[in-house]
Amino acid sequence: MESIAPLLEWLARSELARVMATSAPARETAATLHALGAMVVVGAALPLNLRLLGLWRGVPLADLNRVLSPLILLGFVTTVASGVALAALRPFALLGMPAVQAKLALIALLMINALALRLVPAWRMLDQVDSRGTISRFRTAGLISLLAWSGVLALARWPALL
């Protein structure tokens, strides 16, 4: 944590931290946006991941991706932004919690998984091929995502779990 201590110190002293500490409506808004963002990202990721695993082969993956990926991104950005706002209240205390550290590690894994999937040539050509089947890399990405999002949600609800 020493390497990010200056960033955490800056966050703790920021105007955002002051607003969050002095405004109950700001805290409630951030908490609500955090929950809504998580619902959107997980709600949109679930059918896409199940499709990557091979369910609903009659639905072209390209079509599902076109509809759900923007929602996943919107939910993710909303959750990260609201999470930073919430963390501004106690950044050192939060990042000292093993459950929060595990949650952030899973989120990093999810980001790497999503980026790696987009580097697969077959993924970049979904619009040009019949994407009704699935390949092993797609199945792996879907499984990693399902398991990691399950872990993120569990750790978010039970911060003292670890």
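## Packing of helices H6 and H8

In this predicted model, helix H6 (residues 98–119) packs against helix H8 (residues 136–157) at an angle of about 160°, and the axes of the two helices lie 9 Å apart. Because an angle over 145 degrees counts as roughly antiparallel, H6 and H8 are described as roughly antiparallel to each other. The crossing in which H6 passes H8 is left-handed.

On the H6 side, the residues that meet H8 are Ala 99, Ala 102, Lys 103, Leu 106, Ile 107, Leu 109, Leu 110, Asn 113, Ala 116 and Leu 117. Their counterparts in H8 are Arg 137, Phe 138, Ala 141, Ile 144, Ser 145, Ala 148, Trp 149, Gly 151, Val 152, Leu 155 and Ala 156.

## Leu 119 in helix H6

Leu 119 also belongs to helix H6, and with a relative accessibility of 62% Leu 119 counts as exposed, because the cut-off for that class is over 50%.

## Asn 65 in helix H4

Asn 65 lies in helix H4, which covers residues 61–87. The relative accessible area of Asn 65 is 16%, and Asn 65 is therefore buried, since that class takes in residues under 20%.

When neighbours within four places in sequence are left aside, the residues in contact with Asn 65 are Leu 48, Pro 70, Arg 118, Trp 123 and Leu 126. One of these partners, Pro 70, is, like Asn 65 itself, within the residue range 61–87 of H4, and another, Arg 118, falls within the residue range 98–119 of H6.

## The chain as a whole

The secondary structure of the chain consists of eight helices and zero strands, so that the order of elements from the N terminus on reads α-α-α-α-α-α-α-α. Along its principal axes, the C-alpha trace spans about 55 × 30 × 25 Å.

Of the 162 residues in the chain, 35% are buried. Among the contacts between residues at least 6 apart in sequence, 76% join residues that are at least 24 apart. The chain exposes about 9,400 Å², and carbon and sulfur atoms supply 72% of that area.

How values were computed: Residues are numbered from 1 along each chain as its sequence is written. This is a predicted model: local features need pLDDT of at least 70, side-chain atom pairs count only at pLDDT 80 or more; totals for chains, interfaces and linings use all residues. Side-chain values use heavy atoms; hydrogens and water are left out. Helices (H or I, at least four residues) and strands (E, at least two) are DSSP runs, numbered from the N terminus. Buried means under 20% relative accessible area, exposed over 50%, partly exposed in between (1.4 Å probe, protein chains only). Contact means heavy atoms within 4.5 Å. Axes are lines fitted to C-alpha atoms, for helices over the stretch in contact, and angles run from 0 to 180 degrees between N-to-C directions. Angles under 35 degrees count as roughly parallel, over 145 as roughly antiparallel, 65 to 115 as roughly perpendicular and the rest as oblique. A crossing is left-handed if the near helix is turned anticlockwise from the far one by less than a right angle, and right-handed if clockwise. Accessible areas come from the Shrake-Rupley method with a 1.4 Å probe; for residues, only the protein chains shown count as cover.
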